[in-house]
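Colleague: Could you take me through one part of this model up close? I'd like to hear about a pair of packed helices, and then how the rest of the chain looks around them.

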Amino acid sequence: MSKPVVYEDIPIIDISQFKTDQQTCVQQTKDACENLGFFYVKNHGISQEKIAEIFDISKLYFEQQPQEAKLKYSMNERYHGYAAMCTENLDTKRTNGDVKESFTFGEFNDNNEAITQVLPPFFEERAEFIASFYKDCHDLCLKIFQILATALEIPQSEGGMHWLEERHRSNANTCMRFHHYPSMDKFDSDEIRAGSHTDYGSITILFQKDIGGLEIQPPGTDKWFPVPIIPNHLLINIADCLSFWTKGLFKSIMHRVSFDNENFGLNRYSIAYFCIAGPDVKLDPIPSKFIPTSENNKDEKVLTAGEHLMRRARAAYGSGY
Ligand SMILES: O=C(O)CCC(=O)C(=O)O
Ligand SMILES: [Fe+2]
């Protein structure tokens, strides 16, 4: 048994080291994925100016667009678009709804056009910038996939360091979500900003700003630990598909966003980039010496990334979408 992890142990990975000291970078990342499934990255290549601008766009949208205009572009059947306050229960055992509103962007084409949804004019006017930010996020995920595939020592003949990238050639299910968690007049411990959940895709990049509240539950515990915001660092977490592909070696752990006595009166904004494999990509084990092989029952149907996503999204949004 590895030692219990606490939040102080959320590792910081300098991903520029993948070029200069690959062994250290790869080993640190592997340990982080096996222990906690959450880590910070620094020298990640996404400019602070762009991050500030994308937060400005998100804030302006939630603050200034009339509710009627938001609702006109409500989530479509692919869960892209606007989701009003309390329409999602990330913890499917809860029914009050998470105290947040969100807007989800699907994929963009090379002309910066959204291809899975019709964008509201407010975002259409800013589509070039939003698409370029989306691409920055994707490029960062591809870098992280190279590190993870290297860590797993996937044989060249099977795809080597490109094994994970290959499975993300289609970005059809990847999405970027703006969150606005509004302030509350009084602290109510029964309410939650985002109920406890694991993420559905491969990895998530989380951009937080100013106001904390994110908490994680280390594997094997029932305790929650706050995740501090570290300036200029991004938070990465392993999501379900990577846990399936590694048969649980990489951890997709429970996290939530809660109210506390200090933050309940403050608006919170965050942005998540959920990098998700192509819809038909199978979630069978990665060929790696670190992952035990078992005799697969040939008749057993292997779940695909798309099936897992739809199953989880349907549970969280109910039949409302
Ligand atoms: O807003 C946050 O900090 C986290 C949100 C989250 O975990 C999610 O939407 O999956
Ligand atoms: Fe999450």
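This is a predicted model: local features need pLDDT of at least 70, side-chain atom pairs count only at pLDDT 80 or more; totals for chains, interfaces and linings use all residues.

Modeller: Let's start with helix α2 (residues 22-35) and helix α6 (residues 127-151), which pack at an angle of about 85°, their axes being 9 Å apart. Angles of 65 to 115 degrees count as roughly perpendicular, and α2 and α6 are therefore roughly perpendicular to each other. As for who touches whom, α2 brings C25, V26, T29, K30 and C33, while α6 answers with I147, L148, T150 and A151. Sorted by class, that contact of α2 with α6 holds 6 nonpolar, 2 polar and 1 charged residues.

Now zoom out to the whole chain. Along the principal axes, the C-alpha trace spans about 55 × 45 × 45 Å. Of the 321 residues, 41% are buried. If you look at contacts with a separation of 6 or more, 75% of them join residues 24 or more positions apart.

Ligand 1 is surrounded by H179, A194, D199, L206, Q208, L214, H255, V257, S270 and A272. The elements giving two or more residues to that shell are β7 (203-208), β11 (255-258) and β12 (268-275). By class, the shell around ligand 1 comes to 5 nonpolar, 4 polar and 1 charged residues.

Technical notes. Residues are numbered from 1 along each chain as its sequence is written. Chains are lettered from A and ligands numbered from 1 in the order in which they are written. A residue is near a molecule or strand if its C-beta atom, placed from the backbone, lies within 6 Å of it. Helices (H or I, at least four residues) and strands (E, at least two) are DSSP runs, numbered from the N terminus. Ala, Val, Leu, Ile, Met, Phe, Trp, Tyr, Cys and Pro count as nonpolar, Asp, Glu, Lys and Arg as charged, and the others, Gly among them, as polar. A residue is buried if 20 or more other C-beta atoms lie within 10 Å of its own, exposed if 12 or fewer, and partly exposed in between; C-beta atoms are placed from the backbone. Two residues are in contact if their C-beta atoms, placed from the backbone, lie within 7 Å. Axes are lines fitted to C-alpha atoms, for helices over the stretch in contact, and angles run from 0 to 180 degrees between N-to-C directions. Angles under 35 degrees count as roughly parallel, over 145 as roughly antiparallel, 65 to 115 as roughly perpendicular and the rest as oblique.
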